[in-house]
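Here's a quick briefing to read alongside the model. Take a look at the fold, then we'll go through it topic by topic.

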Amino acid sequence: QISWTPLLLLGYLFYLLLGAMVFQLLEKQAETHFRDQFQLEKLKFLQNYTCLDRQALEQFVQVLMEAWEKGVNPEGNSTNPSNWDFSNSFFFAGTVVTTIGYGNLSPSTLAGQIFCVFYALFGVPLNLAFLNQLGKALNTHLLTLERWVQKPGRAQVQCQFTILAIFLTTGTLLFLVFPPLVFSYVEGWSYGEGFYFTFITLSTIGFGDYVVGTNPNKHYIPVYRSLAAIWIVLGLAWLALVFNVGADLMERYLQLKWHKSDLSLAEADTTKLEDEPEQPRIHIPS
C-alpha cells in the first residue's frame, strides 16, 4: 500500500499557493491605495507647514514608528495608562505562553528580553500540558454526556453525532459568537472585527492588528484584560479539540480515499489478468 503522505504534501502546498494568490488579489490593490494616500497626506502636511522640510518630517515619522514598536501608543498624551501594570502584564504573560504573540508589545530592556526567553522556554510546555489536561477533562464530560444521552435502542453513531453537535454548538456560542458582542460594545469595533479578533486570537495566529484594552481614549475596568486572558485559555482548549477532530477526520478521509483507490487499481489489474487469455510460453534454447 502506497503511503498517502505525498498526496497530503501536495494538498498542503496547493492550499498555501491558493491562499497566497487570493490574499494578493484581495489586499495588494488596497495596500497601494493606502500607500499613495499616505504620501499625499505627507505632501499636504508639508504644504501647510512650510517651516518643515521633508527630512524633518521623515525623522518625526521614524520617532512615531519607534514609539509604536516599543508599545507606546502615539495617540493621546502622557496620561495614557501604562502597558506594564499588573493587568496588562498578566495579559502579556498569557500571550507568551500560549504563543499568540500579538507583536504590539514586547520587552524593551535586555533583562526583560532574557527573562522572556526563559519564561517562554518553560511556560510553553507548561501551557501545552495544561491544555492537554483540560482537553482530557472536556473529553471526560463529553463521555459522561454521551452515556446520559444514549438510550436503549438508539444507534451509537446517532448518539455520537448528537454529542458532537452539542459540543460544537455550545463552544461556538461561548467562544466565537458571544465574545465579539462584548468586544464590539467595549472596544467600539464592528461585530465582524470582533469575530475576526476572536478567531485570530484563539487560533494563536495573533496578527496584532486588533488587541483588546489598547485604546487610550477608552476607560477599561482593571480586570478587563485579565478576564480576556482567562477567556483565551478556555477558548484555546476548546478550539484545539475542534482542530484535532477536524485533522483526524481529514486524515481518515484521505487514508480511506487512498485505500479505496489502491483497491480499485488492484481489482482492475486482477480483472484484466482474468480476462486476458493465457499466452503460450515459447522456450528459446540456449
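Does Thr 204 count as buried, exposed or partly exposed? At 28% relative accessibility, Thr 204 counts as partly exposed, where buried means under 20% relative accessible area, exposed over 50% and partly exposed in between (1.4 Å probe, protein chains only). Keep in mind that this is a predicted model, so local features need pLDDT of at least 70 and side-chain atom pairs count only at pLDDT 80 or more, while totals for chains, interfaces and linings use all residues. Residues are numbered from 1 along each chain as its sequence is written, and side-chain values use heavy atoms, with hydrogens and water left out.

**Overall layout**

- The protein has seven helices and zero strands, so read along from the N terminus the elements go α-α-α-α-α-α-α; helices (H or I, at least four residues) and strands (E, at least two) are DSSP runs, numbered from the N terminus.
- Of the 286 residues, 23% count as buried.
- Take the contacts between residues at least 6 apart in sequence: 59% of them join residues at least 24 apart, with contact meaning heavy atoms within 4.5 Å.

**Transmembrane annotation**

- The UniProt record (an unreviewed entry) puts the feature "transmembrane region" at residues 6-26, 86-105, 111-131, 161-182, 194-212 and 224-247. UniProt positions are given in the numbering used here, feature names are shortened, and annotations may be inferred rather than shown by experiment.
- In the model, residues 6-26 are 100% helix and 0% strand, and their end C-alpha atoms sit 30 Å apart.
- Residues 194-212 are 47% helix and 0% strand, with end C-alpha atoms 10 Å apart.

- Helix H2 (residues 54-69) has 16 residues and reaches 23 Å from its first C-alpha to its last, close to the 22 Å expected at 1.5 Å a residue. The expected span is 1.5 Å times one less than the number of residues.
- Just after H2 comes Gly 71, with a positive phi of about 90 degrees.
- The buried residues of H6 are Gly 194, Phe 197, Thr 198, Ile 200, Thr 201 and Leu 202.

- Most residues other than glycine have a negative phi.
- Thr 204, which follows H6, has a positive phi of about 60 degrees although it is not a glycine. Thr 204 is in the loop between H6 and H7.
- Thr 99 also has a positive phi, near 60 degrees, and is found in the loop between H3 and H4. With a relative accessible area of 45%, Thr 99 is partly exposed.

- Asn 127 lies in helix H4 (residues 110-149) and counts as buried because its relative accessibility is 9%. Leaving aside neighbours within four places in sequence, Asn 127 is in contact with Val 97 and Thr 98.
- Thr 172 lies in helix H5 (residues 156-187) and counts as partly exposed at 29% relative accessibility.
- Not counting residues up to four places away in sequence, Thr 172 touches Val 177 and Trp 238. Thr 172 and Trp 238 are 66 residues apart along the chain, and their C-alpha atoms are separated by 9.1 Å.

**Pocket and cavity**

- On a 1 Å grid over the protein atoms alone, a cavity is a set of points where a 1.4 Å probe fits but cannot get out; a pocket is an open set with protein on both sides within 12 Å along at least five of seven lines; and lining residues have an atom within 4 Å of a point. Grid points are joined across faces, edges and corners, and a volume is the space filled by probe spheres set on the points.
- The largest pocket holds about 930 Å³ of space. It is lined by 36 residues, and the closest to its centre are Asn 73, Asn 83, Gly 213, Thr 214 and Asn 215.
- Helix H3 (86-97) and helix H7 (224-275) are the elements that give two or more residues to that pocket's lining.
- The pocket lining divides into 14 nonpolar, 15 polar and seven charged residues. Here Ala, Val, Leu, Ile, Met, Phe, Trp, Tyr, Cys and Pro count as nonpolar, Asp, Glu, Lys and Arg as charged, and the others, Gly among them, as polar.
- There is one cavity of 30 Å³ or more, and the largest cavity has about 30 Å³ of space.
- Residues lining the largest cavity include Tyr 102, Phe 197, Ile 200, Thr 201 and Asp 209; by class, the lining has six nonpolar, two polar and one charged residues.
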